[in-house]
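Work through these exercises with the model on screen. Try each task before you read its solution.

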Amino acid sequence: METPGLRERKKLATRSALSAAALRLAAERGPDQVRVEEIAAAADVSPRTYNNYFASREDAICAALGAERALSAGAAVRARPAAESPGTAVLAALTGEYARARLGPDMVALVTSSAALRAAYLRAVAVLDGPLAEALAARLGVPVDLPVRSLAAAVSGAVRVAVEQWLDDDGAADLHVLVATCVRHLLPALDTLGAP
């Protein structure tokens, strides 16, 4: 994977600053009490710049939760021992990421406070497939081809199902256990990646 250039790094930093500001303000005041202008000011950008990155306040609030976790999960897959099978590496990386997640009762309450926020959070979770496909391809020394992308999308879908169940249960279950339960069914398929 190529290292992003300066312009791309600046875009990522701006997006991250906006989503972090949106999440912080929503947690402090409640999501309905946060305006685009306040999010932009907290991130030291204009409202117009904000609108270049996010279509809604809900997407901005939830982006930090999904995008950062997706990048972190991809890095965790890459960092797993080389001797591990693709399935074992993915399962260990994802359960580790979600075990360390800071998604306590206050975050569950925030995300479930409106149908729009819940939908935005589930969209944010779905961005896992890109970083995961890149991480799997890098581990295996193969291109990000159709089989790699398909299985990364399947894992992303399994994580989304786990998160939906977790939200339905108001965060009562351990999220990493739900993620492991859903992803475990994909291990045989993951372990075929890179096989001759």
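The radius of gyration is taken over C-alpha atoms, and the globule rule is 2.2 Å times the number of residues to the power 0.38. This is a predicted model: local features need pLDDT of at least 70, side-chain atom pairs count only at pLDDT 80 or more, and totals for chains, interfaces and linings use all residues. Residues are numbered from 1 along each chain as its sequence is written, and side-chain values use heavy atoms, with hydrogens and water left out.

**Exercise 1. Compare the radius of gyration of the protein chain with that of a compact globule.**

Step 1. The chain has 196 residues, so a compact globule would have a radius of gyration near 16 Å.
Step 2. The protein chain has 17 Å, which agrees.
Step 3. Look at the extents too: the C-alpha trace spans about 55 × 40 × 25 Å along its principal axes.

**Exercise 2. State the secondary structure and the confidence of the protein chain.**

Step 1. Helices (H or I, at least four residues) and strands (E, at least two) are DSSP runs, numbered from the N terminus.
Step 2. The protein chain has eleven helices and zero strands.
Step 3. pLDDT is the predictor's confidence in each residue, from 0 to 100. The protein chain averages 88, and 96% of the residues score at least 70.
Step 4. Among the elements, helix α6 (residues 105–111) has the lowest mean pLDDT, 78. Helix α11 (residues 187–190) has the highest, 95.

**Exercise 3. Describe how α4 packs against α5.**

Step 1. Two packed helices are described by the angle between their axes and the distance between the axes.
Step 2. Axes are lines fitted to C-alpha atoms, for helices over the stretch in contact, and angles run from 0 to 180 degrees between N-to-C directions.
Step 3. The axes of α4 (residues 57–79) and α5 (residues 86–100) come within 9 Å and cross at roughly 140°.
Step 4. That makes α4 oblique to α5. Angles under 35 degrees count as roughly parallel, over 145 as roughly antiparallel, 65 to 115 as roughly perpendicular and the rest as oblique.
Step 5. Contact means heavy atoms within 4.5 Å. Residues of α4 that meet α5 include Arg 69 and Ala 73; on the α5 side, Ala 93 and Tyr 98 are among them.
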